Amino acid sequence: MREMPDYLDEIREAAKEGAREGVRESFREGAGDGRIRRHGGGIGAGILGSLLGKLLAVVLAAALIAAAIHYLNPFPKLKEQLAFDNKAEEHDLVLEDDGFLGYTAADFAEAVLGDQSKLCKLEVLEQKVTDVTTLTDTGLANIKIFTKSQLITYHGTAIYTVDLSGLNKSDFTLDEEEKTLTLTIPHAALEPINIQSSDIEFGDVEKGLLAMGEIKLPPEKIAEVQTEAQEKMTAKLLEDNVAAAADRFAKLVVWELFQPVINGVDKGYSLVVAFED
């Protein structure tokens, strides 16, 4: 460990001398009438000297911390603890500010963003959706007597999510007058509709009088039919404005998730959830 610089010893001695000077001044003021004065200039000078001593002690402490930070490079964790905190105005809400002696502040954004397990895609709505497709296989000259047809029913699950993984401090707005914290989130989004093979129902094949066999499609054609069914399901969800319902649930889910966090910082504040433009 390297030795502390000599100027630190000088600072220590200056601090002690300041405190002693305040006491000596008090005694000198009272010496004129043979007693120590409990009021008046002697005590005032003593207080001034005491304050000077305290100020020098604070300067000494700051110098010691600065020196410790410089000499503790091999101990990063301890060095981090001795580092200076941010300025008061850099926090969300300053509760008390005593200047050089410190401050008390609250940070809502850091409390919310600090729990990474909550900053993910949240499922806010699940909706069942169905589409019916008719497969038709025409025979000779498109005459109905040679035509076969079959109904296929697709049962899908539409899931709406709200993605909180991209939240940052700019998404938070604090209103100290209204005592609200507004959190801006993305709108609920529809995930790709999932259709399991077990959710596909094949109806009976209806045949013309001279139609023979079953309807057979290659795998790529079956995939095309399923993709078409998914697109129709999406269109139906848009038509029914299910996204609006998903947004309402998104607000509720996010509020229930983070309002307790806000209460943990300051119970006087309430969370307001809004959507991005």
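Is Lys148 buried or exposed? In this predicted model, Lys148 counts as buried, because its relative accessibility of 9% falls under the 20% limit. Asp137 itself is partly exposed, at a relative accessible area of 30%.

Another of them joins Lys121 to Glu191, whose closest N and O atoms are 3.4 Å apart. Here Lys121 sits in strand β3 (residues 121-137) and Glu191 in the loop between β7 (189-190) and β8 (200-207), so the bridge links parts that are 70 residues apart in sequence. Glu191 counts as partly exposed, with 23% relative accessibility. A salt bridge is also found between the side chains of Glu214 and Lys207, at 3.8 Å from N to O. Glu214 is partly exposed at 47% relative accessibility, and Lys207 is likewise partly exposed at 40%.

Attention can now turn to a hairpin. Strand β5 (residues 172-175) runs antiparallel to strand β6 (residues 180-185), and four bridges join the two. Within this pairing, Phe172 has Leu183 in β6 as its bridge partner. Four residues lie between the strands of the hairpin. Charge gathers in this region too: Asp175, Glu176, Glu177 and Glu178 make up a patch of negative charge on the surface. Of these residues, Asp175 lies in strand β5 and is partly exposed, its relative accessible area being 31%.

Most residues other than glycine have a negative phi. Lys179, in the loop between β5 and β6, has a positive phi near 55 degrees without being a glycine. Lys179 counts as partly exposed, at 40% relative accessibility. A positive phi of about 55 degrees also occurs at Asn241, again in a residue that is not a glycine. In this case the setting is the loop between two helices, α5 (219-239) and α6 (242-265). Asn241 is partly exposed, with a relative accessibility of 48%.

Notes. Residues numbered from 1 in each chain as written. Predicted model: local features only at pLDDT ≥ 70, side-chain atom pairs only at ≥ 80, totals over all residues. Heavy atoms only, no water. Patch = residues over 30% accessible without salt bridge, like charges linked within 9 Å, V, L, I, M, F, W, Y side chains within 5 Å. Areas by Shrake-Rupley, 256 points an atom, 1.4 Å probe, with all protein chains shown as cover. Salt bridge = Lys/Arg side-chain N within 4 Å of Asp/Glu carboxyl O. Lys, Arg positive; Asp, Glu negative; His and termini not counted. Charge placed at Lys NZ, Arg CZ, Asp CG, Glu CD. Buried < 20%, exposed > 50% of the residue type's maximum accessible area, 1.4 Å probe, protein only. Pairing = 2+ DSSP bridges.
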